[in-house]
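Here are my notes on the model you sent over. Have it open while you read.

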Amino acid sequence: MKKLLVVCAAFIFSQANAQSTNTMPVADQNPNYLQSQQHYMLIKDSLLQNFNTTVQQTYQAYDWYQEKRARKQARINNRQQVRLAYANNSFGFQSFNHWNQFGYNGFTPFFQQPNCFLPQIGYRSRNWFYWF
Amino acid sequence: MKKTFLSFVMLTTVSAFVLSGCANRKVTRIDPAEQIDISGSWNSTDSRLTAEAMTKQIIAEKWLANHTAAKGKKPVVIVGVITNKSHEHIESETFMKDLERAFINTQLVGLVQSGKKREALRAEKADMQTNASVSTMKKFGLENGADYILQGSINSIVDAYKKQKTVTYQIDLELTNIETNEVVWIGDKKIAKYVKN
């Protein structure tokens with residue numbers, strides 16, 4: 001029992017000694033430096049993970065010419081989408097008219113359709129088969 | 001059967017000729033130091049100019065002589081975070097590596113590893129504790145501590161109207177004493193471009 005107490009005391013003394021060696025203040029050192037040290041010891045991994053790398057915080061610069069080209073491309077894409085929509089609805093069914101909506105049966109007379117004067121058959125509609 | 005086979009061979013040959021004729025891509029090796037500007041964006045010439053300017057400034061400035069005079073040994077530097085705040089994706093490693101190489105080649109500045117590479121080194125050291133022989137095992141706690149940290153930023157200013165554009169890049173690097181937070185050196189490189197579409 002006595003031996004065990006001696007070993008424990010020696011261990012505690014060595015730990016305390018190590019602590020005091022680590023935390024020995026030097027001349028003119030702030031007496032509260034341990035608060036800061038303990039704070040940064042906890043978060044150092046997250047703060048150091050981007051070391052020796054380039055953190056990309058880029059912004060979008062306004063370029064008049066590039067914006068113009070982008071608008072033109074958007075118009076081209078939009079026209080293509082419209083053409084595809086017409087091609088897919090070339091039988092007179094309108095995708096937004098569901099069955100019996102507001103008492104309506106879903107069919108629109110030909111001359112009331114928005115695309116009635118556009119060709120129902122041909123290159124624009126891509127419909128070469130079901131023309132009857 | 002023979003006729004079909006011959007037709008197939010002829011068709012394949014003709015197709016190969018036609019397709020090879022369509023491919024008009026030409027690739028040539030160029031000197032990496034040659035200045036070729038294509039789009040006006042950040043390119044290898046900008047990176048090289050930055051590396052040259054920064055290396056020249058950091059080696060020639062007074063901080064190096066001051067440190068050596070005060071401490072009696074060469075300073076040790078660690079590379080910190082470089083923040084790209086410009087409008088383009090720019091990888092700073094292309095010019096930072098040139099700078100690090102200059103530190104090592106001139107033997108005027110010591111360099112310690114940082115970031116993911118340092119993590120890998122520590123992981124290797126940890127692996128050694130259980131797998132390497134005692135005589136070759138490397139110990140923890142004997143790393144070289146850095147005296148200075150090198151941090152930086154990349155900024156840009158864009159002015160564009162119709163088909164004309166000016167872009168100015170500003171690359172700043174700062175060297176700070178880790179113990180005292182004193183900034184001992186600031187290097188900068190400005191690159192301005194005029195682009196007409």
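1. Val77(B) sits across from Leu111(B), which belongs to strand 2 of chain B. Strand 2 (residues 110-112) runs parallel to strand 1 of chain B, with three bridges joining them; strands count as paired when DSSP finds at least two bridges between them. From strand 1 the chain goes through helix 4 (residues 93-106) to reach strand 2, a right-handed β-α-β crossover (clockwise from first strand over helix to second, with the strands pointing away from the viewer).

2. Housekeeping: this is a predicted model, where local features need pLDDT of at least 70, side-chain atom pairs count only at pLDDT 80 or more, and totals for chains, interfaces and linings use all residues. Residues are numbered from 1 along each chain as its sequence is written, while chains are lettered from A and ligands numbered from 1 in the order written.

3. Strand 1 of chain B also runs parallel to strand 3 (residues 148-161) of chain B, joined by six bridges. Ile78(B) faces Ile149(B) there.

4. Thr54(A) has Ile82(B) as its bridge partner.

5. Why is strand 1 of chain B largely enclosed by the rest of the structure? Seven of its nine residues (76-84) are buried, meaning 20 or more other C-beta atoms, placed from the backbone, within 10 Å of a residue's own. Across the 197 residues of chain B, 20% are buried.

6. Overall, chain B has five helices and five strands, in the order α-α-α-β-α-β-α-β-β-β. These are DSSP runs numbered from the N terminus: helices H or I, at least four residues; strands E, at least two.

Conventions. Buried ≥ 20, exposed ≤ 12 C-beta atoms within 10 Å, placed from the backbone.
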